[in-house]
Number of protein chains: 4
Amino acid sequence: MADRLKYGMIGGGPGAFIGAVHRAAIRLNDEADIVAWAPSSRLGAGHIAAGGAMGIAEDRIYASFEAMAAAEGAREDKIDWVVVVTPNKYHAPAAKLFLEQGINVVCEKPLCTTVEEALDLTETAKANDCLFAVTYTYTGHVMAREARQLVRNGVIGDIRMVMGEYPQDWLLDTLETITEDNKPWRADPALSGRGAAVADLGTHIENWVNYVTGLKIDSLACHLDVFGEGGVLDNNVEALIRFENGATGIYWTSQVAIGFDNALKIRIFGDKGTIEFVQEENNYLKLSLRGEPPRIYSRGAGYLTPEASGYVRVPTGHPEGLTEAFANIYKDFAAAVKDKKAGKHVVESDYGYPTLDMGLAGVEFFNKCVDSSEAGAVWVKVDY
Amino acid sequence: MADRLKYGMIGGGPGAFIGAVHRAAIRLNDEADIVAWAPSSRLGAGHIAAGGAMGIAEDRIYASFEAMAAAEGAREDKIDWVVVVTPNKYHAPAAKLFLEQGINVVCEKPLCTTVEEALDLTETAKANDCLFAVTYTYTGHVMAREARQLVRNGVIGDIRMVMGEYPQDWLLDTLETITEDNKPWRADPALSGRGAAVADLGTHIENWVNYVTGLKIDSLACHLDVFGEGGVLDNNVEALIRFENGATGIYWTSQVAIGFDNALKIRIFGDKGTIEFVQEENNYLKLSLRGEPPRIYSRGAGYLTPEASGYVRVPTGHPEGLTEAFANIYKDFAAAVKDKKAGKHVVESDYGYPTLDMGLAGVEFFNKCVDSSEAGAVWVKVDY
Amino acid sequence: MADRLKYGMIGGGPGAFIGAVHRAAIRLNDEADIVAWAPSSRLGAGHIAAGGAMGIAEDRIYASFEAMAAAEGAREDKIDWVVVVTPNKYHAPAAKLFLEQGINVVCEKPLCTTVEEALDLTETAKANDCLFAVTYTYTGHVMAREARQLVRNGVIGDIRMVMGEYPQDWLLDTLETITEDNKPWRADPALSGRGAAVADLGTHIENWVNYVTGLKIDSLACHLDVFGEGGVLDNNVEALIRFENGATGIYWTSQVAIGFDNALKIRIFGDKGTIEFVQEENNYLKLSLRGEPPRIYSRGAGYLTPEASGYVRVPTGHPEGLTEAFANIYKDFAAAVKDKKAGKHVVESDYGYPTLDMGLAGVEFFNKCVDSSEAGAVWVKVDY
Amino acid sequence: MADRLKYGMIGGGPGAFIGAVHRAAIRLNDEADIVAWAPSSRLGAGHIAAGGAMGIAEDRIYASFEAMAAAEGAREDKIDWVVVVTPNKYHAPAAKLFLEQGINVVCEKPLCTTVEEALDLTETAKANDCLFAVTYTYTGHVMAREARQLVRNGVIGDIRMVMGEYPQDWLLDTLETITEDNKPWRADPALSGRGAAVADLGTHIENWVNYVTGLKIDSLACHLDVFGEGGVLDNNVEALIRFENGATGIYWTSQVAIGFDNALKIRIFGDKGTIEFVQEENNYLKLSLRGEPPRIYSRGAGYLTPEASGYVRVPTGHPEGLTEAFANIYKDFAAAVKDKKAGKHVVESDYGYPTLDMGLAGVEFFNKCVDSSEAGAVWVKVDY
């Protein structure tokens with residue numbers, strides 16, 4: 001097991017859903033082990049026990065990400081990458097410290113809270129020759145890869161419209177219990193940045209569309225709602241989009257849409273055909289070609305493109321889900337890390353994982369959405 | 001059969017889809033007969049034969065709507081109503097002539113091409129004490145009535161967001177064959193007005209939402225696309241909506257959305273629940289209440305409200321469709337006509353059919369959409 | 001309107017769902033008028049009024065089907081066909097009397113209660129040169145015609161298996177209110193014959209499969225359940241089927257399957273592809289070809305076969321339903337009647353409506369199901 | 001990490017889908033490590049490398065399951081359980097050897113090929129006080145647990161009918177390439193036993209129904225088809241079922257049903273309600289109560305029973321799939337193993353995993369299906 005990879009994590013302690021998913025996804029791939037950890041909260045005996053249960057040696061459970069970056073950077077057997085799953089506010093400062101130690105980074109979305117931070121990270125990563133993935137989860141699904149390849153193969157022709165929506169309803173109960181003293185970090189601008197739903201969910205739409213189509217947003221007009229008594233940040237987002245190629249679109253996301261769990265749905269309309277992807281039915285992709293009956297592609301089927309088939313883990317009809325999507329991103333990233341360690345020249349965009357420029361685009365997107373909304377949902381130019 | 005009702009029609013000759021549907025819907029109800037007709041095109045022997053096959057006496061097949069209005073207005077046994085299914089441009093002048101003869105009107109949507117015409121019709125109808133229905137078809141479905149009643153009963157609480165979409169793809173082939181000399185009237189501004197998809201389909205969304213929720217639009221920002229070589233009017237419409245009660249929404253309609261036949265879908269989100277109606281699955285309605293599993297209401301089931309059940313024609317599980325939707329509107333209208341003939345005081349909004357003020361709102365809506373789009377998709381106020 | 005057709009009806013008075021649907025379907029086609037009627041129940045003033053409202057002259061509202069057959073048979077302007085929608089027991093005696101008068105017959109399914117009756121009807125129809133349709137409704141859907149043509153065109157290859165199911169749940173409430181003195185005719189063997197669900201619903205499966213595939217049943221093993229206190233006839237039917245070509249299948253129907261309205265669903269598996277038709281979604285047909293993604297055919301689309309397209313009434317995406325299915329059968333039948341009246345040689349199976357031999361097969365089917373079940377669900381040979 | 005569990009595996013080498021899934025599922029749970037392995041094929045350098053990559057020490061990679069049972073049985077630090085994923089024929093002899101060493105067993109389904117073997121395993125497990133799980137995968141889904149609890153809570157009342165189907169189409173291509181010298185073990189009676197589809201898929205239906213409802217089969221009539229040139233064992237199975245409580249049912253499974261990937265679907269009809277579970281949509285469960293609209297339960301929602309909620313890994317709307325289903329069974333099994341190691345009295349059926357008696361019932365089921373089919377699809381009594 002000498003050639004297994006080693007990684008560390010910032011945040012994502014017991015009880016934090018997303019850290020556990022990252023670790024489970026990496027275990028699925030079975031090529032890397034967690035060896036270092038800095039919890040978000042003040043280090044206690046519980047963390048030592050939890051880290052031990054994960055197989056982390058006590059001396060690599062750190063009291064802060066600053067301490068961890070310094071200590072790991074100094075080790076011979078330093079971690080191959082760090083996973084950043086803290087509240088948004090700490091993404092940039094934490095990631096930067098690791099980059100400066102030459103440690104590759106995998107960071108949750110949104111990449112950070114401001115464009116300035118994102119540009120700084122971009123520069124720092126380049127200066128230190130580090131790899132950097134942003135875990136836009138839904139790009140990891142096999143059928144996201146299939147969608148991307150179908151677009152690249154010209155199957156749906158030139159893109160005219162994009163309809164993206166991402167309704168949830170989980171916030172409803174939370175909203176009623178938020179007080180000044182008791183609010184989740186996602187509802188706290190100090191920890192989360194200027195946007196809530198638009199940053200947490202809106203960037204998923206923005207990224208998935210860009211990942212699959214390559215389209216860049218030219219400008220947008222966005223309206224943000226703050227429904228409920230307890231809300232201080234947006235929980236419903238409605239935006240008109242113009243892309244640089246002349247295509248147009250609509251993005252909608254909500255955390256108060258009763259009856260919807262996590263219903264990311266993207267429809268991409270070309271002049272030859274249409275692709276529809278629904279995250280909750282991630283094992284399928286609907287393709288409609290002009291003048292023909294819509295067809296339902298199934299993950300694992302023989303007719304998939306090789307670019308997508310390479311990610312299939314279990315046969316068609318045996319569902320894959322969220323964890324596999326994460327695992328596919330880590331599979332890509334680990335491949336790049338191995339190649340880099342082997343001295344190969346690594347072009348990150350060749351590996352399939354969402355890259356730092358996509359993280360920057362997401363930060364730009366949600367900040368411009370907030371800008372637009374604050375000005376009365378007027379049209380604003382998008383720079384990145 | 002002495003008490004059967006009599007109606008006439010303007011436009012809708014052989015080959016015109018919509019006229020045939022109106023007549024079939026009225027036959028389904030079996031309480032009125034067509035007795036007069038003025039085709040849109042120059043009167044010929046074919047029209048006499050076609051009219052005869054419909055059972056219309058030759059002397060009541062007219063060369064123009066002007067001639068028909070004059071002649072019918074002068075008859076003792078005049079028609080109880082006229083159905084206007086001409087190209088949009090003629091709606092207002094034709095309807096006005098019949099109103100002036102004291103003849104009730106059923107008019108296709110959009111009501112007319114300008115707000116001025118719509119206001120004039122409103123005044124004329126009132127002055128001549130005439131009934132006036134606008135055939136926004138999709139309000140006729142049993143499950144549209146159920147949706148309306150559920151909202152009225154407070155089942156979904158206060159409305160926060162409305163998502164309306166109506167994609168089609170039929171225009172794609174037509175687009176390629178349009179030339180200056182050969183264009184369908186819907187693509188010809190001279191016959192159709194300033195809007196195409198926005199007037200033909202957008203008004204269906206606008207109306208259905210208003211019909212079911214009672215919400216009035218305060219302002220909107222709308223982007224219109226004209227895809228394809230042959231297009232001169234919009235074929236893709238994207239709009240942000242603000243309602244007077246503070247709710248917000250997004251309306252999208254398209255005639256170039258490959259893979260979509262006629263996919264009107266409206267989702268209305270309240271603070272207690274959500275209603276979802278899909279026209280192509282008009283026998284069902286999805287209701288999601290907060291914290292409960294979504295439930296699928298079925299047309300004809302015993303748990304429907306009485307207000308909807310009264311329109312059920314065939315038992316649950318035996319599909320009804322477009323023709324029944326039209327027939328329900330005519331059932332409502334005929335009830336009002338009978339009451340009026342019986343000397344009762346008729347409050348049109350009590351009968352269930354879409355009324356003249358809804359026609360006005362539709363004309364205002366699509367014209368304001370065009371205004372907004374021409375100014376760069378800026379926000380414009382909606383007056384009616 | 002000199003060449004309009006005239007028909008009469010036996011049974012199907014006010015309140016009877018199915019008679020009203022037949023009449024509505026014929027009105028949709030607009031080529032025939034009801035001119036004679038014999039209600040099932042004792043003739044009263046209400047019938048005269050109801051008949052008058054239908055436009056039937058008082059002297060052609062008859063006290064019995066016997067009286068009607070005699071009187072109509074003697075008229076110069078006799079009806080072109082009679083529609084038989086009485087309880088099952090009267091189908092054969094009523095139809096026979098009309099056939100003997102040379103009057104064509106349209107009869108509800110099941111054709112009659114015994115095979116002997118069915119054979120007698122067959123002989124009588126032939127001897128009197130009469131046309132005879134059995135209204136197996138679901139053969140009338142456009143997509144049923146498409147399915148039939150796809151099979152005929154060899155698209156799914158040789159058929160290997162057939163899965164047919166038809167669950168309903170309407171009987172549940174009825175079951176609890178049935179008493180000796182108060183039972184619906186469908187639950188009364190004296191009026192309904194030896195089978196209830198198996199005759200009412202089972203024959204729909206049996207016929208649809210035969211209509212679409214041409215396959216004949218060789219033998220079957222059938223288990224009938226009588227759930228509930230009030231039941232005397234079967235309300236749940238489970239059968240294994242062997243076809244003459246070696247294909248096998250399963251038919252299931254139920255009237256006590258909670259959550260199912262009228263869910264006829266047929267899947268036909270060939271060695272090249274599979275066809276799936278769901279009556280409640282009759283505007284679609286699913287076709288899966290080996291090694292390819294399943295595709296969803298939409299009624300009205302340009303890719304349909306000409307044999308199916310000819311029945312399309314409203315454009316794709318505008319739902320048709322039960323009434324149109326009936327209307328298509330009447331469209332076929334009226335075409336045959338006209339041709340016969342014009343002196344042409346009529347081969348009934350060329351016209352598309354379900355014929356007398358299909359009625360016979362249905363009667364044989366449900367009787368053999370009862371035979372099998374009574375003997376312990378053993379295999380029995382099917383003769384017709 | 002001192003208290004982590006250790007397991008070994010028999011079969012399931014590189015390229016074998018199912019062994020990899022078992023290992024991945026155990027990694028997801030992160031409480032046990034693979035430490036011993038005996039591949040099915042002749043031990044080679046590739047196995048040593050593959051085992052090394054899994055973290056298995058070279059001296060615990062064995063040339064045969066016999067060698068492994070003996071060696072592991074003799075170790076102080078013996079494995080806590082062995083996973084048996086060999087061809088069916090070796091299940092019983094391999095499992096028996098481990099049981100005799102006091103080693104707990106997790107065995108793939110079908111448990112073995114004959115009832116005699118199954119009874120012998122039952123006795124051996126009891127005699128050696130060993131735990132034994134049979135990996136009927138689809139009992140591991142959260143919504144399978146929810147279904148079971150809803151039935152136990154009486155939500156659907158007394159069960160009347162059960163409809164189970166499990167169509168696949170993967171065999172089609174394989175069928176054409178099978179020769180005497182080149183056939184997959186599943187198509188080889190010598191390795192697979194008397195049944196193919198009926199053993200591989202039919203037992204999944206039989207078990208899921210029993211697991212969720214507790215119903216025992218009284219008797220069955222089963223027809224087996226062998227379609228295609230290359231087939232020697234059944235690839236299409238059609239059976240009528242009678243349960244001991246008087247309920248009836250139909251089971252169908254196929255490997256040649258074009259258009260179906262892995263479409264296990266079970267519908268359980270009670271006198272109060274109906275439950276529907278579709279494996280390919282395992283994050284949902286449909287519940288229809290009498291007289292109410294069907295409702296769609298979503299995995300992870302707050303209204304689930306505690307018995308199901310305990311298995312939720314990621315929030316509602318974030319799909320779980322096959323691997324999580326396996327992992328839940330291993331979670332149950334590991335809990336029982338830990339309790340047994342802690343000296344507690346373990347009643348296996350309390351832990352939720354499918355037990356040895358369920359394995360026995362599956363073997364009885366498929367053998368009786370073959371008996372019935374060979375005798376002409378006659379009814380046969382089911383003993384276990």
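1. In helix H6(D), the buried residues are D:Val142, D:Met143, D:Ala144, D:Arg145, D:Glu146, D:Ala147, D:Arg148, D:Leu150 and D:Val151. The helix, which spans residues 142-152 of chain D, is thus mostly covered, with nine of its 11 residues buried. This note concerns a predicted model, and the values below should be read accordingly.

2. The partners of this helix lie in chain D. Just after H6(D), the backbone at D:Gly154 adopts a positive phi of about 80 degrees.

3. On the nonpolar core: the largest one comprises 508 residues, and A:Val105, B:Val105, C:Val105 and D:Val105 have the most contacts inside it. For A:Val105, setting aside neighbours within four places in sequence, the contacts are A:Trp81, A:Val82, A:Val84, A:Ala95, A:Phe98, A:Leu99, A:Cys130 and A:Phe132.

4. On helix packing in chain A: helix H1 (residues 17-29) and helix H11 (residues 322-341) pack with their axes 8 Å apart and at an angle of about 65 degrees. Since angles of 65 to 115 degrees count as roughly perpendicular, H1(A) and H11(A) are therefore described as roughly perpendicular to each other. The crossing of H1(A) past H11(A) is right-handed.

5. The contact between these two helices can be given by residue. From H1(A) come A:Val21, A:His22, A:Ala24, A:Ala25, A:Ile26, A:Leu28 and A:Asn29, which meet A:Leu322, A:Thr323, A:Glu324, A:Phe326, A:Ala327, A:Tyr330, A:Lys331 and A:Ala334 of H11(A). By class, the residues of this contact are 10 nonpolar, three polar and two charged.

6. On the interface of chain B with chain A: 28 residues from chain B and 28 residues from chain A take part. On the side of chain B, the elements giving two or more residues are the strands S6 (159-167), S7 (217-225), S8 (236-243), S9 (248-254) and S11 (273-278). S9(B) provides the largest share, four residues. The side of chain B that touches chain A is made up of 15 nonpolar, nine polar and four charged residues.

7. On the interface of chain B with chain C: each contributes to the contact, with 25 residues from chain B and 25 residues from chain C. Helix H1 (residues 17-29) of chain B gives the most to the side of chain B that touches chain C, namely five residues. That side of chain B has 10 nonpolar, 10 polar and five charged residues.

Note on methods
Residues numbered from 1 in each chain as written. Chains lettered and ligands numbered in written order. Predicted model: local features only at pLDDT ≥ 70, side-chain atom pairs only at ≥ 80, totals over all residues. Axes fitted to C-alpha atoms, helices over the stretch in contact; angles between N-to-C directions. Parallel < 35°, antiparallel > 145°, perpendicular 65-115°, else oblique. Left-handed = near helix turned anticlockwise from the far one by under 90°. Contact = placed C-beta atoms within 7 Å. Nonpolar A, V, L, I, M, F, W, Y, C, P; charged D, E, K, R; others polar. Core = buried A, V, L, I, M, F, W, Y, C linked by C-beta atoms within 7 Å. Buried ≥ 20, exposed ≤ 12 C-beta atoms within 10 Å, placed from the backbone.
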